[in-house]
Amino acid sequence: LFPMAISLLLPVFMYGIVLEKEERLLEIMKMNGLRMRNYWILNYLFSMTIYIVTMFLFYMFGVFVLRLEYFTETSPGILIILFFGWGLAQVSLAFFFSTFLSKARTATVVGYLISIYTVLWGVTLSMAVYALPRTLPTGVLAYAPFAMCRIIYLLATKCGYEECMSDMSMMTSEMKSCLVSIYLNSIVFLILALYLHEVFPQEYGVQKHPLFPYYWLKKKIQERRNRRRAREVMDHAGDGHLDSQRASLNNAEPSPTNGFAVDMSKEDDDAKAERRLVYMINPRSEEYPLVIKDLKKIYAGTGGRPAKTAVQKMCLAIKQGEVFAL
């Protein structure tokens, strides 16, 4: 019962994630500017907080109320590493399984079925099929719930028939393998969950291309190359036109075309890089069908009020096949 008791938070985590998808809360948050990176980080931290509080109360009950040797005699370091790793793995598994579900009620049922049956299989394998002195096969240990059941069985057997592991140095190689499997599962299933959430068809939202990580990396590399080429052109150009453009880029002189000085000292690095790219683009290039160079917008003053500058020296380049929105 102990492995099952610490596994029943899985359906709770799955329910929360799927409910946000079902009620379109996730899509609404994304439309309001939420970045998915922040969403997953906060969700992960929130789930881990619930798990840590639950396990702390569970541990205190076992130590001070039931006074079980399993909790009082076993090294706290071993228990902390085990419980914390299982929490990480449980949250990652919840993220992974919730990717394939769109209804909160279904997620709850599936979550309880996964928790109960995987624990039953894990306990059966550890206590009946591969009981000591036999070791659990590596292929079975590769799944975190089975590894968790196995290490709890090993610790309980030590306390019941021999001596509780009061020091971390007493851990066997099989126990260490179980812990490694649990932590690796937390990483692997988290990566799979984040990837599948982007490419797996959902009821709401638009899925990405299966190779979107490759295209994202390719785009970042190309942007870096473009910025580097822009800096090289601006640094080595010697004709009068580019000299004047460099003066404008370096905020050295006012623009001769608008009649007033343009202070670009507060411009951020991305805007400067975009402006450098625009200055180096060949006007006849088909790679950038839309190029905006030094755009300005000034609203005339009324009622004796001075003119208001809304936009000054805006530069923007849109590549072929690129979608841009403000």
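The model is predicted, with local features needing pLDDT of at least 70 and side-chain atom pairs counting only at pLDDT 80 or more, while totals for chains, interfaces and linings use all residues. Residues are numbered from 1 along each chain as its sequence is written, and side-chain values use heavy atoms, with hydrogens and water left out.

## Helix packing

Helices (H or I, at least four residues) are DSSP runs, numbered from the N terminus.

| Helix pair | Angle | Axes |
|---|---|---|
| H6 (residues 76–98) and H9 (residues 144–161) | about 160° | 10 Å apart |
| H6 and H10 (residues 173–199) | roughly 25° | within 8 Å |
| H2 (residues 10–22) and H4 | about 150° | 11 Å apart |

Angles under 35 degrees count as roughly parallel, and angles over 145 as roughly antiparallel. H2 is therefore roughly antiparallel to H4. H6 and H9 are likewise roughly antiparallel to each other, whereas H6 and H10 are roughly parallel.

A crossing is left-handed if the near helix is turned anticlockwise from the far one by less than a right angle, and right-handed if clockwise. H6 passes H9 in a left-handed crossing, and the crossing of H6 and H10 is left-handed as well. H2, in turn, passes H4 in a right-handed crossing.

Contact means heavy atoms within 4.5 Å. For residue classes, Ala, Val, Leu, Ile, Met, Phe, Trp, Tyr, Cys and Pro count as nonpolar, Asp, Glu, Lys and Arg as charged, and the others, Gly among them, as polar.

Where H6 meets H9, the residues from H6 are Ile78, Leu79, Leu82, Trp86, Ala89 and Leu93, and those from H9 are Ala144, Pro145, Met148, Ile151, Ile152 and Leu155. This contact has 12 nonpolar residues, no polar and no charged ones.

Towards H10, the contact residues of H6 include Leu82, Trp86, Ala89 and Leu93. Among their partners in H10 are Leu179, Tyr183, Phe189 and Leu196. The contact of H6 with H10 comprises 17 nonpolar, 4 polar and no charged residues.

Between H2 and H4, Phe13, Ile17 and Glu20 in H2 meet Tyr39, Asn43, Ser47, Ile50 and Tyr51 in H4. By class, these are 5 nonpolar, 2 polar and 1 charged.

## Cavities

On a 1 Å grid over the protein atoms alone, a cavity is a set of points where a 1.4 Å probe fits but cannot get out, and lining residues have an atom within 4 Å of a point. Grid points are joined across faces, edges and corners, and a volume is the space filled by probe spheres set on the points.

The structure holds 2 cavities of 30 Å³ or more, and the largest cavity has about 60 Å³ of space. Its lining includes Trp86, Gln90, Leu93, Ile114 and Tyr143. H6 and H7 (104–129) are the elements that give two or more residues to this lining, and H7 gives the most, with 4 residues. The lining divides into 7 nonpolar, 4 polar and no charged residues.

## Local backbone features

A cis peptide bond, with omega about 15°, joins Leu132 and Pro133. Pro133 is placed in the loop between H7 and H8 (138–141). Arg67, a residue other than glycine, has a positive phi near 50°. Arg67 lies in the loop between H4 (36–65) and H5 (69–72).

Definitions and conventions
Axes are lines fitted to C-alpha atoms, for helices over the stretch in contact, and angles run from 0 to 180 degrees between N-to-C directions. Angles under 35 degrees count as roughly parallel, over 145 as roughly antiparallel, 65 to 115 as roughly perpendicular and the rest as oblique. On a 1 Å grid over the protein atoms alone, a cavity is a set of points where a 1.4 Å probe fits but cannot get out, and a pocket is an open set with protein on both sides within 12 Å along at least five of seven lines; lining residues have an atom within 4 Å of a point.
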